[in-house]
Amino acid sequence: MKGPIGVFDSGYGGLTILDSIRQRMPQYDYVYLGDNARAPYGIRSFDVVYEFTLQAVKKLFELGCPLVILGCNTASAKALRTIQQEYLPKYAPDRRVLGVIRPTAEVVGDISKTRHIGVLATTGTIKSESYTMEISKLHPDCAVTGLACPMWVPLVENGEHDKPGADYFVQERIETLLSLDPEIDTVILGCTHYPLLLDKISRYCPQGITLIPQGKYIAESLEDYLDRHTDMEQSITRGGACRYFTTESASEFRNSASLFLRENIEAERIVL
């Protein structure tokens, strides 16, 4: 069976991942699904995030996707492992689901000189300690400090991320993170919404700190994955098309998506 690459997110943030992947690999077809009606996931329990994420993965499988990327840190933190270990072997052994945490964790070892890493993310991702565990596994000499930024996603989704009012919330979180560990020289932006705050984050980070937005590294990792898994690569259709689905209003999704993408899109409402 051949089909498009699926990209899932609880809302709009995964569009930054989709955008990076499409820039790097424009030849493939894609389907994006945003569970906007039930966003945000960051404050929800593990069980609920797993249930919602699995519903979305199943829907993308129904839409013909042989490969699904969880373009959502919370879903990657709370649902990916169980889907990979329990659901896929039993019900969809020929399909694959990948997340966004491991590819980001892999690169920090080559970037950090002090071996002190900061992670800014949603409450759910920080509580899961997924970044700490992945980085510790891959780079045991690195110290990881995570900090939740509960106001950042609402700022982005309400179109306030580039307004002066956002500065306080960005500056305060960065100063708090660096007060917890002044030796941090590399900061992972562990939420796919945060690239829209990148200008402000850069402004309030001291010189010498490297910021890691995820899109570039997810795209590179996916390209490498497809190079190594030729059967999967050959099962992806080519045509450069992209369809967008949302569990909320299609017109609202279309309007808000323009914050994240450099093109006007059409969207369809879907029920999970």
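Visitor: How much space lies in the largest pocket?
Guide: About 660 Å³. Keep in mind that this is a predicted model.

Visitor: Which residues are the closest to its centre?
Guide: Leu 80, Gly 99, Arg 102, Pro 103 and Glu 134, out of 32 residues that line the largest pocket.

Visitor: And which helices supply at least two residues of that lining?
Guide: Those are α3 (73-78), α4 (80-91), α5 (101-111), α7 (130-138) and α11 (215-228).

Visitor: Where does the largest share come from?
Guide: From α11, with eight residues of the lining of the largest pocket.

Visitor: How does that lining divide into nonpolar, polar and charged?
Guide: You get 15 nonpolar residues, nine charged and eight polar in the largest pocket.

Visitor: OK, moving on. How much space lies in the second largest pocket?
Guide: That one holds about 410 Å³. It is lined by 26 residues, and Ala 39, Pro 40, Tyr 41, Gly 42 and Val 153 are the closest to its centre.

Visitor: Which elements give two or more residues there?
Guide: α3 and α8 (152-157) do. The largest share is from α8, which gives three residues to the lining of the second largest pocket.

Visitor: How many of its lining residues are charged?
Guide: Four are charged, while nonpolar and polar residues come to eleven each in the second largest pocket.

Visitor: Let's talk helix packing. At what angle do α1 and α11 pack?
Guide: About 50°, with the axes 8 Å apart; α1 covers residues 14-24. That angle is why α1 and α11 count as oblique to each other.

Visitor: Is their crossing left-handed or right-handed?
Guide: The crossing of α1 and α11 is right-handed.

Visitor: Which residues meet there?
Guide: On the α1 side, Ile 17, Ser 20, Ile 21 and Arg 24. From α11 you have Gly 215, Lys 216, Ile 218, Ala 219, Glu 220, Leu 222 and Glu 223. By class, this contact of α1 with α11 has five nonpolar, four charged and two polar residues.

Visitor: What about α5 and α7, how do their axes cross?
Guide: At roughly 45°, and the axes come within 9 Å. So α5 and α7 are oblique to each other, and their crossing is right-handed.

Visitor: And which residues meet between α5 and α7?
Guide: α5 brings Ile 101, Arg 102, Thr 104, Ala 105, Glu 106 and Val 108. In α7 the partners are Ser 130, Tyr 131, Glu 134, Ile 135 and Leu 138. The contact of α5 with α7 divides into six nonpolar, three charged and two polar residues.

Methods: Residues are numbered from 1 along each chain as its sequence is written. This is a predicted model: local features need pLDDT of at least 70, side-chain atom pairs count only at pLDDT 80 or more; totals for chains, interfaces and linings use all residues. Side-chain values use heavy atoms; hydrogens and water are left out. On a 1 Å grid over the protein atoms alone, a cavity is a set of points where a 1.4 Å probe fits but cannot get out, and a pocket is an open set with protein on both sides within 12 Å along at least five of seven lines; lining residues have an atom within 4 Å of a point. Grid points are joined across faces, edges and corners, and a volume is the space filled by probe spheres set on the points. Helices (H or I, at least four residues) and strands (E, at least two) are DSSP runs, numbered from the N terminus. Ala, Val, Leu, Ile, Met, Phe, Trp, Tyr, Cys and Pro count as nonpolar, Asp, Glu, Lys and Arg as charged, and the others, Gly among them, as polar. Axes are lines fitted to C-alpha atoms, for helices over the stretch in contact, and angles run from 0 to 180 degrees between N-to-C directions. Angles under 35 degrees count as roughly parallel, over 145 as roughly antiparallel, 65 to 115 as roughly perpendicular and the rest as oblique. A crossing is left-handed if the near helix is turned anticlockwise from the far one by less than a right angle, and right-handed if clockwise. Contact means heavy atoms within 4.5 Å.
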